[in-house]
Amino acid sequence: MKNTNFERIEYTQGDTRTEKVVVHTKKHRSRWRLKLLSVVLAFLIWLIVANVTEHRASKDDSADSSCCGEITIEHI
């Protein structure tokens, strides 16, 4: 209801009086900005998460390959 305003308009023609209720709705001009902002924000969060997981995967692969190359087993 906070997006609508009601207004009573009285009409008089000769001896007859009539009332008419007019409903004014507020236009939602800023909603497209909010939708666009949330899409951009979601995309940026996705890029950050994808970069972090890719970085962790490459870090784990490099740690495994360097780790296995340095291990030597001595025979007694």
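pLDDT is the predictor's confidence in each residue, on a scale from 0 to 100. The protein averages a pLDDT of 77, and 74% of the residues score at least 70. This is a predicted model, in which local features need pLDDT of at least 70 and side-chain atom pairs count only at pLDDT 80 or more, whereas totals for chains, interfaces and linings use all residues. Residues are numbered from 1 along each chain as its sequence is written, and side-chain values use heavy atoms, with hydrogens and water left out. Where pLDDT is low, the predicted coordinates should not be read in detail.

The protein contains 1 helix and 2 strands. Helices (H or I, at least four residues) and strands (E, at least two) are DSSP runs, numbered from the N terminus. Along the sequence the pattern is β-β-α. Among these elements, β2 has the highest mean pLDDT, 84. Helix α1, residues 31-70, has the lowest, 78.

Of the 76 residues, 0% count as buried. The protein exposes about 7900 Å², with areas taken from the Shrake-Rupley method with a 1.4 Å probe, and for residues only the protein chains shown count as cover. Carbon and sulfur atoms supply 59% of that surface. A contact means heavy atoms within 4.5 Å. Of the contacts with a separation of 6 or more, 6% are between residues 24 or more positions apart.

The structure holds 2 salt bridges. A salt bridge is a side-chain nitrogen of Lys or Arg within 4 Å of a carboxyl oxygen of Asp or Glu. Arg-8 pairs with Glu-19 in one of them, the closest N and O atoms being 3.3 Å apart. Arg-8 lies in strand β1 (residues 4-13) and Glu-19 in strand β2, so this pair ties together parts that are 11 residues apart in sequence. Arg-8 counts as exposed, at 62% relative accessibility. Glu-10 forms a salt bridge with Arg-17, where the closest N and O atoms are 2.6 Å apart. Glu-10 is partly exposed at 49% relative accessibility. Arg-17 is exposed, with a relative accessible area of 61%.

Thr-25 belongs to strand β2, which covers residues 16-25. Thr-25 counts as exposed, at 57% relative accessibility. Leaving aside residues up to four places away in sequence, Thr-25 touches Asn-3 and Thr-4. Thr-25 and Thr-4 are 21 residues apart in sequence. Their C-alpha atoms are 4.4 Å apart in space.

Definitions and conventions
Buried means under 20% relative accessible area, exposed over 50%, partly exposed in between (1.4 Å probe, protein chains only).
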